[in-house]
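Q: I have a structure open and would like to learn how to read its features. Could we go through it together?

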Amino acid sequence: MRRILLLGLLFSILASITPLQGQLVQHHLRNPSFEGEPADATTPVGWIVSTPGTTPDILPGFWGVYQEANDGDTYIGLITRPDGSWEAIAQRLPVPLTVGDCYRFTIDLAHSRTYSGYNGVLKLRVYGGRHREDRSYLLYESPSIDHLHWETYPVDFRPDRSFQYLILEAFYSEEPFSFSGNILLDNLSALFPCPRA
C-alpha cells in the first residue's frame with residue numbers, strides 16, 4: 001500500500017512539473033503583441049529584422065492602414081515587393097525548444113486593401129532558425145490571408161532539431177514571386193505544449 005501511495009505521489013509531482021516546463025518558454029516571448037509607437041520602417045521592441053535592408057511597419061496610422069489592433073494598441077505590417085524582396089522579423093528564444101516535443105502558439109492575421117499600393121494577398125511563413133536569417137526549418141505556412149478582419153490561426157510544430165530563433169516572414173501567395181502585397185500580424189500567444197488528444 002505504501003508503494004502505491006509513493007508511486008501516486010511521484011506521478012502527481014511529475015504531472016505538475018511538466019506544465020511548468022512548457023510555461024517556462026511561454027514567459028520568454030518579448031512583446032508578442034508588437035506594441036510600440038506607430039511608425040513606418042520600425043521594428044517593435046523585442047524583435048529584430050530578419051531580412052537585411054528591409055524593415056516592417058508598426059501600425060495603424062501609416063501607409064493608409066488604419067484598422068484597429070486586435071490586441072493592445074498596435075500591430076505589425078509586413079510587405080513583399082515587385083523586386084522579389086520581402087520582410088521578416090525574428091526573436092531569439094532564451095531557451096532552445098526541446099527536440100521531439102510538440103509546441104503550439106496562435107497568431108492573429110489580417111490583410112489591408114489600402115497599404116499604399118502594397119495590396120496583394122500574402123501568406124505567413126514561420127521558421128525556426130539557429131540565427132535570425134536562418135530559414136532552414138519551416139514550421140508553418142498559413143493559407144492566403146485575404147480577409148480584412150482579424151482571425152486567429154493555431155500553429156503546431158514538433159522540432160526535429162534544436163533552434164533558438166523564431167522567424168515570422170511575409171511571403172507571396174502565388175507565383176510569380178514578385179508583386180506588392182501585405183500581411184498584418186497581432187497577438188502572438190506564448191509557446192506552450194500541444195494539447196493532449
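A: Strands themselves are DSSP runs of E with at least two residues, helices are runs of H or I with at least four, and both are numbered from the N terminus. This is a predicted model, where local features need pLDDT of at least 70, side-chain atom pairs count only at pLDDT 80 or more, and totals for chains, interfaces and linings use all residues. Residues are numbered from 1 along each chain as its sequence is written, and side-chain values use heavy atoms, with hydrogens and water left out.

Q: Why is β9 described as largely enclosed?

A: Burial is the thing to check: buried means under 20% relative accessible area, exposed over 50%, and partly exposed in between, using a 1.4 Å probe and protein chains only. Eight of the eight residues of β9 (residues 165–172) are buried, so the strand is largely enclosed by the rest of the structure. Y165, I167, E169 and F171 point one way, L166, L168, A170 and Y172 point the other way, and all are buried. For the protein chain as a whole, buried residues make up 43% of the 197 residues.

Q: How many disulfides does a search of the whole structure find?

A: A disulfide is a covalent bond between the sulfur atoms of two cysteines. The cut-off here is a pair of cysteine sulfur atoms within 2.5 Å, and the search finds one. C102 and C194 form it, with their sulfur atoms 1.9 Å apart. The pair links distant parts of the chain, 92 residues apart: C102 lies in the loop between β4 and β5 (103–110), and C194 in the segment after β11 (192–193).

Q: What is the handedness of the disulfide, and are its cysteines buried or partly exposed?

A: The torsion about the S-S bond of C102 and C194 is about -70°, so the disulfide is left-handed. C102 counts as partly exposed at 21% relative accessibility, whereas C194 is buried at 15%.
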